[in-house]
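Dear colleague,

I am passing this structure on to you, together with some notes on what turned up in it. Please read them with the coordinates open.

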Amino acid sequence: MALGAAANADVLDDIKKRGTLIVGVKPDYKPFGFRDPSGALIGLEPDLAADVAKKLGVKLELVPVLSANRMEFLNQGKIDLMIATMSDKPDRRKVVQVIEPLYYSDAVNILLKKDAPVKSWTELKGKKLCGTTGAFYNKDVAQQFGPEIAAFDGSEKPLLALKNSDCIGYLYDQTFIAGKLIDADWKGGFHMPLAGIMETPWAIAVKNGETNFQKFMEDLHKEWMKSGRIVELEKKWNVPPTDYAKRMHAKAKSGS
């Protein structure tokens, strides 16, 4: 039992001895995680990472991760914590320790060319979409609606393929697409006409077995919900307000 307790405290002990918290975030998912003109990683999720480091009283180091490698980086010890737009799925809970309450929620949608003949999900059959490697919904959308999906690492490569007309749309998270449509480069020739599907909460994660760090993060999550931190950061980063963030804030404030 004593050995188990010591093992469970390793990551928190390491962070405090090192004086630095290492967090994996997205470098290509504006406004949740992206690079500013100087190359620094900024966004809603780096702000949450900064909150964790401040609570621990240590410095923050941000490491760029992709959907295809974020869990691997966590399990290999390359990062202490993952805050990287990861949808909560049962198979992922077998690989990493999900922190609850879940901090965010999103849906699946498509950034479509305005001249694409698609007005419903059923009209995707036989058409080519670009996607991101590691996105859980690629297979589900292909099976349910019949498009051909060409997957690439990260989000920059599929966006470039879309601009090059290699596909008619980019299948990805609705929040990301909404952020893209704020940019002048995209709002002219592209749109998001379909209703979002497969609403799925996002999860922050630590390595399996790190129960002390898990407890620390769960307590901090509850603080974020009660204070309305997520709602506040949506406003800061011009993210369309989500019902989930508002609902979780109201629930935490009421103590229910």
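This is a predicted model: local features need pLDDT of at least 70, side-chain atom pairs count only at pLDDT 80 or more; totals for chains, interfaces and linings use all residues.

Residues are numbered from 1 along each chain as its sequence is written, and side-chain values use heavy atoms, with hydrogens and water left out. Helices (H or I, at least four residues) and strands (E, at least two) are DSSP runs, numbered from the N terminus.

Two residues other than glycine have a positive phi and deserve a look. S165, in the loop between α7 and β11, has a phi near 65°, and at 47% relative accessibility S165 counts as partly exposed. N238, in the loop between α11 and α12, has a phi of about 55°, and at 58% relative accessibility N238 counts as exposed. Here buried means under 20% relative accessible area, exposed over 50%, and partly exposed in between, with a 1.4 Å probe and protein chains only.

Turning to the helix packing, the axes of α2 (residues 10–18) and α10 (residues 211–227) come within 6 Å and cross at roughly 75°, and the two helices are therefore roughly perpendicular to each other. Axes are lines fitted to C-alpha atoms, for helices over the stretch in contact, and angles run from 0 to 180 degrees between N-to-C directions; those under 35 degrees count as roughly parallel, over 145 as roughly antiparallel, 65 to 115 as roughly perpendicular and the rest as oblique. In this pair, V11, L12 and I15 of α2 meet N212, F213 and F216 of α10, where contact means heavy atoms within 4.5 Å. By class, this contact has five nonpolar, one polar and no charged residues (Ala, Val, Leu, Ile, Met, Phe, Trp, Tyr, Cys and Pro count as nonpolar, Asp, Glu, Lys and Arg as charged, and the others, Gly among them, as polar).

Helix α10 also meets α12: their axes come within 7 Å and cross at roughly 100°, which makes α10 roughly perpendicular to α12. M225, K226 and S227 of α10 and M248, H249, A252 and K253 of α12 make this contact, which by class has three nonpolar, two polar and two charged residues.

As for α12 itself (residues 243–254), its buried residues are Y244, A245, M248 and H249, and seen down the axis they fall within an arc of 130°, so they line one face of the helix; the arc is that of the directions from the helix axis to the C-beta atoms. These buried residues pack against β8 (104–113), α10 and α11 (229–236), whereas the face turned away from them carries the exposed residues D243, K253 and S254. Just after α12, G255 takes a positive phi of about 80°.

Helix α6 (residues 137–145) can be described in similar terms. Y137, N138, V141 and F145 are buried there, and they cover an arc of only 110° around the axis, which puts them on the same side of α6. They pack against β8, β9 (128–132), β10, β11 (169–173) and β13 (197–202), while K139 and Q143 are exposed on the face turned away from the buried side. Just after α6, G146 takes a positive phi of about 85°.

Finally, two single positions. G154, in the loop between β10 (148–152) and α7 (156–163), counts as buried at 8% relative accessibility and, not counting residues up to four places away in sequence, touches D28, L66, T132 and Y170. R229, in helix α11, counts as buried at 17% relative accessibility and, leaving aside its neighbours within four places in sequence, is in contact with D47, L48, D51 and W224.
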